[in-house]
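Please look through the structure below before reading my notes.

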Amino acid sequence: GNASLLTHALARDTLSRIRDVSTSQVSFRKGLVKLGRIAGYEIIDGAMETEYVPVETPLTEMTGERVTGMDDVVIINVLRAATPFVEGLLKAFPRARQGVISAGRDEEAGMDDDGEFPITIDYVKLPTIREEDTVIVADPMLATGSTMCVVLDHVLNDQPKPADLFVLSAVSAPDGLIRVGEQFPEADLLTVAIDDYLDENGYIVPGLGDAGDRAFG
Ligand code: PRP
């Protein structure tokens, strides 16, 4: 699991805006949509191929290009904060198949000595994965990585290995990147920012607060 930064200037701009504590619910949600769209374009640019296709313009025939593999994309929405993020991703991958998984940290139980949270899974509905698929598991926050590891267990369980597996987040903590990277070496971890640390409650610092609460009100 190697981790890379999504370095698009507009992604950094948008993330900085939604980090701001004074950003409203509407602007926060729209910011997540925008980040999802940019991340999708970046994934296309970095990981997908193009092929040459004949094009007939109003004037002549020419050779154009088309991105391949756009019909082999699966996006996993980790409820609930990922919903606006996924809305943006779908603008980049309009024909993606979608999976939904509701996974949440048991905040009352708190972090254990290994820095993990117990995760409650309430709902799982996943498409069948094919070996030619590009799978993108989206969650704007990767904190301890506990949620993502449980989600990936469900997504990959009893399925063929997809051609590409991306774990996409907006803000990550080093702990989460390390945990997911170690447990899922086949995953490419993409994030707009790697923040400094997790506080004693498992919140990313400086972070952006609770993305679910800020997006949903
Ligand atoms: C947040 C976030 C991730 C998870 C990350 O969700 O959206 O799913 O925490 O934390 P972790 O890496 O330490 O597991 P939360 O549990 O707050 O649920 P919500 O999206 O429904 O608010």
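The notes below cover a helix pair, the ligand shell and one further helix.

1. This is a predicted model, in which local features need pLDDT of at least 70, side-chain atom pairs count only at pLDDT 80 or more, and totals for chains, interfaces and linings use all residues. Residues are numbered from 1 along each chain as its sequence is written. Helices (H or I, at least four residues) and strands (E, at least two) are DSSP runs, numbered from the N terminus.

2. Helix α1 (residues 9–19) packs with helix α2 (residues 25–47) at an angle of about 160°, and their axes are 9 Å apart. That makes α1 roughly antiparallel to α2. The word applies to angles over 145 degrees, on a range from 0 to 180 between N-to-C directions. Axes are lines fitted to C-alpha atoms, for helices over the stretch in contact.

3. On the α1 side, the contact (C-beta atoms, placed from the backbone, within 7 Å) is made by L10, A11, T14, L15, R17 and I18. On the α2 side it involves F28, G31, L32, K34, L35, I38 and A39.

4. The ligand is surrounded by 21 residues, the closest being A81, A143, T144, T147 and G212. A residue counts here if its C-beta atom, placed from the backbone, lies within 6 Å. Helix α4 gives the largest share of this shell, three residues.

5. In helix α5 (residues 174–183), D175, G176, L177, R179 and V180 are buried (20 or more other C-beta atoms within 10 Å of their own). These buried residues pack against β1, β8, α4, β9, β10 and β11.

Notes
Parallel < 35°, antiparallel > 145°, perpendicular 65-115°, else oblique. Contact = placed C-beta atoms within 7 Å. Buried ≥ 20, exposed ≤ 12 C-beta atoms within 10 Å, placed from the backbone.
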